Amino acid sequence: MKIFNAKQIYEADKFTIDKQQITSEQLMERAAIQIFNWMHSRMQGAQAKIHLFCGIGNNGGDGLVLARHLQDHDYNIEVFVVNYSEHRSKDFLINLDRLKEKGVWPNFLNEQSDFPAIGKDDIVVDAIFGIGLNRVPDEWVIRLMHHLNNSKAFILSIDMPSGLFMEAGLPNTEGVIKANYVLTFQVPKLVFFLPETGKYIDHWEILDIGLDKEFLFTLKSQFELIGKNEVLSMYVPREKYSHKGSYGHSLIIGGSYGKIGAVVLAAKGSMLAGSGLVTAFVPRCGYLPLQTALPEAMVITDNEELEISEINFSMLPSVIGIGVGIGTTATTIKAFSEFLKRNRLPLVIDADGLNILSTNQDLFKEMPPQTVLTPHPKELERLIGKWADDFDKLKKAKEFSEKYDCILVIKGANTITVYKDMGYVNTTGNPGMATGGSGDVLTGVITGLIAQGYSALNASIFGVYIHGKAADIAVEKCGFQALIASGILDNIGKAYLDLFQVSEPDVATGESEL
Ligand SMILES: NC(=O)C1=CN([C@@H]2O[C@H](COP(=O)(O)OP(=O)(O)OC[C@H]3O[C@@H](n4cnc5c(N)ncnc54)[C@H](OP(=O)(O)O)[C@@H]3O)[C@@H](O)[C@H]2O)[C@@H](O)CC1
Ligand SMILES: Nc1ncnc2c1ncn2[C@@H]1O[C@H](COP(=O)(O)OP(=O)(O)O)[C@@H](O)[C@H]1O
Ligand SMILES: [K+]
């Protein structure tokens, strides 16, 4: 599912109005009725107090239309206009009059106003700002948002939590509504999935307001939300007359004394992702643990006992995953650098492999085209430098990817795979994955997919999805705390099976915090 920016949403809005020969006011009515239906089907006329806070733009207009329908159905409402500007939108004004015709007179709030008391069992509808926010709100509006957040009432935000910008970070973290639920129109918004802003949203859901499907289909986006539908189209089926040679040979290079487990996890990830053959290249101390923990894999050892000192092998792998547990001793850095200069095979680089790259940046140019790098945030910072906010981070990541023709898998709660000007936002995974070794599994999975013939980009997007899905399946039985990397491995098979279970709807809902 594509993720559009504000300009594109306004374009889609305009195109739809022209094509369907409706007015903008009718589109607003349609959008707000969707919100009303959502609330009505859940509340069934319940008399909990609903406080609607409406700005003076179209987001506020949505709030006023909603108020009118709630009033028509005898809900217990109180409407506030957050009068932060004199520039009221046309459709806001039309709907303000309509509401008054129903006998509902909103309270107008300005900087002198005392804010209303809100009970913890009440409901707040946040229609203050939507996608049109373009500067930090006034101090009194920030105070109001703070007041609403502190009320402990259930907050339902229309389209976006007010205070979040569509394409910028957060200059003032006080001035953002913390939404229990966001009902967003037509398309997901990127800010829902970024670490600095996603935390303001507990749950979100997309409401289809009938924007022109063909227009949305042809419009190019710079980000895409990846759910089951998106990865299914990448899935490479297994052929009846195939054999282990048909599915490639993964080589996992890594490990050092005390960190052989990382290689076990990656090699196993590769095997479970479906790689035909898997070989691990480790220091001598890794031989026995690997042969014992993973009899399905082959093992080649370095001459050194405790660290990798020279990367030499005679077999021909289809792809190499390098870096997990490898350490950063001078000897290993030298071995890694020499290997990178000689190597022509596809690569996945993780962990200390990334750290070695970051401290020896002349090695960047030695990466073969479409090398996959899988940094967590700290490793990413070492690669691309510090960023001002999440948007700046993504911009820098895209520039890095373009410059070195590499794929950056930015790991986190919503892992984002970046390749050139595109970003692919994953929807699977959970906080149980914040545990040592889960990233090693991912390295193995992506390597194992490339071995089978997935393109490096598809392997990254598909691998991140399957890895997160395996963890989601695992936590159903063990809970977040007891999820360990082996638990992710144990459920990779079920994650594959889940791809073909049809019960799950498309990605139209989600949780930013669990
Ligand atoms: N296509 C769709 O999906 C549909 C969208 N719809 C709805 O429209 C919403 C977008 O509405 P919107 O464009 O009127 O912007 P909104 O967010 O209400 O802000 C209002 C205005 O406030 C201003 N302003 C900005 N920052 C400010 C600040 N800090 N302090 C003070 N003022 C500030 C700024 O105007 P400016 O002053 O810059 O001229 C801005 O225009 C969208 O989220 C959805 O709810 C549906 O109705 C129908 C279909
Ligand atoms: N809160 C979270 N929600 C979802 N996924 C997470 C969360 N925290 C971590 N992960 C995932 O777990 C993995 C952690 O990788 P990494 O930090 O490299 O761990 P390690 O080095 O211990 O293997 C990544 O795939 C990341 O996306
Ligand atoms: K809002």
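**Exercise 1. Describe how helices H3 and H4 pack in this predicted model.**

*Solution.* 
Step 1, handedness: H3 crosses H4 in the left-handed sense.
Step 2, residues: on the H3 side the contact is built from Asn-58, Gly-60, Gly-61, Leu-64, Val-65, Ala-67 and Arg-68, and on the H4 side from Asp-91, Phe-92, Asn-95, Leu-96, Arg-98 and Leu-99.
Step 3, classes: this contact of H3 with H4 holds 6 nonpolar, 4 polar and 3 charged residues.
Step 4, geometry: H3 spans residues 58-72 and H4 residues 90-101; their axes lie 8 Å apart, and the packing angle is about 20°. H3 is therefore roughly parallel to H4, because angles under 35 degrees count as roughly parallel.

**Exercise 2. Which residues come nearest to ligand 1, and which element gives the largest share of its shell?**

*Solution.* 
Step 1: 30 residues lie around ligand 1, and the nearest are Gly-57, Asn-58, Asn-59, Gly-130 and Gly-132.
Step 2: two or more shell residues are given by each of helix H1 (6-19), helix H2 (24-43) and H3.
Step 3: H3 gives the largest share, 5 residues.
Step 4: by class, the shell around ligand 1 has 13 nonpolar, 13 polar and 4 charged residues.

**Exercise 3. Describe how helices H15 and H16 pack.**

*Solution.* 
Step 1, geometry: H15 (residues 438-451) packs on H16 (residues 456-478) at an angle of about 135°, and the axes are 8 Å apart. H15 is therefore oblique to H16.
Step 2, handedness: H15 and H16 make a right-handed crossing.
Step 3, residues: H15 brings Val-441, Leu-442, Val-445, Ile-446, Leu-449 and Ile-450 against Ala-456, Ala-459, Ser-460, Phe-462, Gly-463, Val-464, Ile-466 and His-467 of H16.
Step 4, classes: the contact of H15 with H16 comprises 11 nonpolar and 3 polar residues, with no charged residues.

**Exercise 4. How many residues surround ligand 2, and how do they divide by class?**

*Solution.* 
Step 1: ligand 2 is surrounded by 17 residues, of which His-376, Gly-429, Met-433, Ala-434 and Gly-439 are the closest.
Step 2: the shell around ligand 2 divides into 6 nonpolar, 9 polar and 2 charged residues.

Notes
Residues are numbered from 1 along each chain as its sequence is written. Chains are lettered from A and ligands numbered from 1 in the order in which they are written. This is a predicted model: local features need pLDDT of at least 70, side-chain atom pairs count only at pLDDT 80 or more; totals for chains, interfaces and linings use all residues. A residue is near a molecule or strand if its C-beta atom, placed from the backbone, lies within 6 Å of it. Ala, Val, Leu, Ile, Met, Phe, Trp, Tyr, Cys and Pro count as nonpolar, Asp, Glu, Lys and Arg as charged, and the others, Gly among them, as polar. Axes are lines fitted to C-alpha atoms, for helices over the stretch in contact, and angles run from 0 to 180 degrees between N-to-C directions. Helices (H or I, at least four residues) and strands (E, at least two) are DSSP runs, numbered from the N terminus. Angles under 35 degrees count as roughly parallel, over 145 as roughly antiparallel, 65 to 115 as roughly perpendicular and the rest as oblique. A crossing is left-handed if the near helix is turned anticlockwise from the far one by less than a right angle, and right-handed if clockwise. Two residues are in contact if their C-beta atoms, placed from the backbone, lie within 7 Å.
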